[in-house]
Amino acid sequence: MNNIWHKLSVAILKNRPYFLALVAFLAIFMGYMATKTQVSSELPKILPQSDSRLQLYESFKKRFGEDGSVMVLGVETDKMFQLPFFQQWQDLAKEIKGVEGIKDVVYAGNIPRVVKNDTAKRFDTKPLITQRAVTQAEVESVKTGLVKLPFYKGFIINEAGNVHLMMITFDQKAINDKARVRAVKKIKEITAQFEEKQKTDLHLSGMPFVRTEMTAQITTELGIFVSLALVVTMLILLLFFRSFKVMFFALIVVLIGIVSSLGFIVLFGYKITIISGMIPSLVVVIGVPNTIFVFNKYYEEYALHGDKMLALQTTIEKIGQTLFLANLTTSIGFGVFAFTGSTFLSEFGIVAAINVMLTYVVSLIFIPLVFSYLAPPSEKQTARLDSGRVAKILLKIDGYVNHKRSVIYSIIIVIIGLSVYGMTQIKSIGYIVDDLADDNPILTDLKFIEKNFKGIMPFEVAIDTYEAGRVLGSPELLTKIKKMEKEFAKYPEFTKPISLVTAAKFIYQAYRGGDPKYFVLPGIDELAKLKEYNSSVQGKQGFTKGFIDSTKRYTRVSYQIADCGTVRTNQIINELQPKIDSIFNYNAETNEFYKRGDKRGYDAEITGNSVIYAWQNDYLQANLVESTLQAIVLICLIMALLFRSWKMVIISTLPSLIPLLITAGLMGFFDIHLKYSTILIFSIAFGISSDGTIYFLTRYKDELINKKRNVKDAIRETILNTGVSMFYTAIILFTGFFIFTASTFKGTQSLGILVSITLLMAMICNLVLLPAFLMTLDKRESKQLMK
């Protein structure tokens, strides 16, 4: 193995122009590809395509369209039914309706009411007002008409009557396209003008708006994090090395890593998501430690013999092998996400893993080659390795390792005990918008809508009658839907439903002259009378449109639910689905439960945007725990291949596992929930933490075996030399990840804080606990394990 690295180091330095040209080509090509990056405007694809729940949802959307296609505007006012304000509200609706990508706009003035047409023997839908109001009397007629339509209470106007909604439906072609982004931007401009003119606040929400705004924030944060990461690492490098050359060429390495990460996203046909948007910043944070170890080794070797080319060759040979293993473990920490079955995480894992290794290769080639053309380091620069506060700290650590190992072990045992207790307090829960800060306008507007109208997250029941035409062929289905709606009504999280029963209530109210007391589902005899009229409701806002498919085999019952969290949503699903099954498939007369597919019953299943999110969160947690275990197993296998001893696997793994326990404990103590954004921490942090273990053990092995030092001296030399690089690396990793606390997403903030703490703990464990373990072994056993 050493012979291979020796040959590689010779080949790199012998063919300097060719390797530099290769790096330059890589930078230019990836830079060009990076200009083509796009931000994803779709919801994260987390469940695998083989998942039956996802298949149900996808088939539902094919029949009825995207369920999260409605954006809402809310306004709190007592002037709605005063002519000047109502006219402006109408004008606002008209202007928004004219925005490209908008299909329909519904507000108090144009809500559909059903009117009986005796001449044509049918029911028509008409708005409460057909033109812009010009008199107060017309506005009063709208107010009166709204009172006669009880369905809209709590739907378009809240129960208190002081908050009104405008519901904006997006065209299905625009909902997952850039047209949605342009439409939302235009609507924001239009509503801002309305707010300024009316001196009032509008509250914007709904899935199209939430998705668009969060995408915009991802785009903004991508630039912010990359900039912060670069500035922070530049300052730290300048502080540590006191050399603009070191800072400048390290910066070039990470810039190549940044454009390469974006370039690979484009090459693989991916788009930037909330998670893959962190990769460029991660490349900066993870790439800089490579350059630190290369520079430190180069300075150290040059200080020994003063031969620049020999120092560079030795650096490539020695550090190349160590960094390869270290970066491999980091790459594994990211790469395991590729095996979760989730497109969302697979894209992140593949691109991050590749770029970790690519940045390593660029560091190993570019820096030695560039410095081979530059003047050798000065005596002042090489002297920096043996002085300063860091060296004093490392000497104290060596003293503790030699003389106070029992204290170290006792402290570790106490910390582990507290961490295990903290782990038991962790809660597993996620919200659709809980990654947003509490004062974020997206969240505050959502809470306003939920307070007055319960919620805006789609929650659907998809019903398959098994036969074409059966939806309208039997009153039995209406009765079952009504019974199901009564079960839903017991849950305060839901809005009123929209379904065939809703349409039947509107029709019956119209049939009985419009009296609100007849907004009920008629009995079988009354339904029979309605057959004298055309079975469909005529008009562009027909109530059955969008709730029955073209074959009249499938129908839906649509609710909106509050963003009540995945735990509560799953609880509701688990309680309601069995009740739904009983309602649609149980025959009380025969005490028989119809099996799925039995045409005497129906297939009614819960689905929808909010439902899928709850399922995705559970799926992620199960798979990410598995991914973390996979990362641990794979890295342990690398350690086993490296040292060929189960004792060394344990010794080398514990310093990386204990920081994960501490992090999990902190999550429990500080009520940081387990969700997709925070569970990423463990496999990423374990992969990076293992780097320090490899740095330490490979240097210790060299000191013990090759330089023939005794255990005590080998450990001291390893702490004093490798410890400097590990210390600098830990500082950069800590501050690099800590910049994520500047995010507007709380999950990203938590990730930044927790990974920073984990890596700091990992450095302490690798510099204190790991050498303590090695010192506990006797000299013979230690040498045997290292061979």
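Helices are here taken as DSSP runs of H or I with at least four residues, numbered from the N terminus. In the predicted model, the protein chain contains 25 helices and twelve strands by this assignment. The C-alpha atoms occupy a box of roughly 105 × 60 × 45 Å along the principal axes, and 58% of the 787 residues of the chain are classed as buried. Where contacts between residues at least 6 apart in sequence are considered, 80% of them link residues at least 24 apart.

Rolling a probe the size of a water molecule over the atoms shows where empty space is left. For the present chain, seven cavities of 30 Å³ or more were found, and the largest cavity holds about 190 Å³ of space. The lining of this largest cavity comprises 17 residues, among which Ile 688, Asp 691, Gly 692, Thr 729 and Leu 733 are the closest to its centre.

Helix 22 provides the largest share of the lining, namely five residues. When the lining of the largest cavity is divided by residue class, ten residues are nonpolar, six are polar and one is charged.

Methods. Residues are numbered from 1 along each chain as its sequence is written. This is a predicted model: local features need pLDDT of at least 70, side-chain atom pairs count only at pLDDT 80 or more; totals for chains, interfaces and linings use all residues. Side-chain values use heavy atoms; hydrogens and water are left out. On a 1 Å grid over the protein atoms alone, a cavity is a set of points where a 1.4 Å probe fits but cannot get out, and a pocket is an open set with protein on both sides within 12 Å along at least five of seven lines; lining residues have an atom within 4 Å of a point. Grid points are joined across faces, edges and corners, and a volume is the space filled by probe spheres set on the points. Helices (H or I, at least four residues) and strands (E, at least two) are DSSP runs, numbered from the N terminus. Ala, Val, Leu, Ile, Met, Phe, Trp, Tyr, Cys and Pro count as nonpolar, Asp, Glu, Lys and Arg as charged, and the others, Gly among them, as polar. Buried means under 20% relative accessible area, exposed over 50%, partly exposed in between (1.4 Å probe, protein chains only). Contact means heavy atoms within 4.5 Å.
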